[in-house]
Amino acid sequence: MTLEYDLFWSFRSPYSYLVTKRLLDFERDYDVKAVVRPVYPIAVRIPGFFKQVNPMWPPYLLKDTVRIAEMEGLPYRWPSPDPIVMNMKTGDVATEQPYISRLTRAGVLAAEQGKGLPFLYEVSTVIFGGTKNWHEGDHLRNAAARAGLDLDALDRQAEAEKDRLEAVIAENEAAQKAAGHWGVPLMAFKGEPFFGQDRVNHLVWWMEQHGLKKRG
């Protein structure tokens, strides 16, 4: 029997990007499926978050993510533009968020079409993999195509179903809290939360205790 776990994931989180290849490999090697549940970044979900954060955290995050990317053999650079429109010096976050809204709604639609994890991987690789102006030209369109999806169709559907998709995202965020953590990437299985890109081995072990098997 295929086991499933919930994956709470953000298009602005470098740690979400850094874990996704391993989750694809996990699904390739084990009889398992990620239930992809995109959420908005903490900058949007928690107003004023970056006004309160310890100033030592952002520079540590940058050093840590560069290290992890090198260890995992993944291309990595902080996105240009940032998926979140904000002033990094003041912590002020813009009311209008065109990039992250588009990406998150498209992620929900991709998940509904059964291609959530490949879509997350291909799109986040473009955003965090060093592609400047990733939001322009065919960068995202080609990434979606590699995941087996038509980005133009996703964009049209997202515009037509904006309210429904926002409700789904809100449900995902509520389920994320109910799972026991507020951060991403967060994997949850049978009431147990596994927070962070470094918790995949723990997730695999825990699911093995509940019958997870390797593919034949």
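1. The largest cavity has a volume of about 40 Å³, the volume being the space filled by probe spheres set on grid points joined across faces, edges and corners. A cavity here is a set of points on a 1 Å grid over the protein atoms alone where a 1.4 Å probe fits but cannot get out. Searching the whole structure turns up one cavity of 30 Å³ or more.

2. A word on the model: it is predicted, with local features needing pLDDT of at least 70 and side-chain atom pairs counting only at pLDDT 80 or more, while totals for chains, interfaces and linings use all residues. Residues are numbered from 1 along each chain as its sequence is written, and side-chain values use heavy atoms, leaving out hydrogens and water.

3. Who lines the largest cavity? You will find Arg102, Leu103, Ala106, Phe119, Val123, Leu140, Leu151 and Asp155 there, each with an atom within 4 Å of a point. Six of the lining residues are nonpolar (Ala, Val, Leu, Ile, Met, Phe, Trp, Tyr, Cys or Pro) and two are charged (Asp, Glu, Lys or Arg). Helix H5 (98-112) gives the most, three residues; helices are DSSP runs of H or I, at least four residues, numbered from the N terminus.

4. Do look at helix H6 (residues 116-128) and helix H7 (residues 139-146), which pack at an angle of about 150 degrees with axes 8 Å apart. H6 is therefore roughly antiparallel to H7 (an angle over 145 degrees). Axes are lines fitted to C-alpha atoms over the stretch in contact, and angles run from 0 to 180 degrees between N-to-C directions.

5. On the H6 side, Phe119, Glu122, Val123 and Val126 make the contact (heavy atoms within 4.5 Å). H7 brings His139, Leu140, Ala143, Ala144 and Arg146.

Notes. Helix = DSSP H or I, 4+ residues; strand = E, 2+ residues; numbered from the N terminus. Parallel < 35°, antiparallel > 145°, perpendicular 65-115°, else oblique. 1 Å grid on protein atoms, 1.4 Å probe; cavity = no way out; pocket = protein on both sides within 12 Å on 5 of 7 lines; lining within 4 Å.
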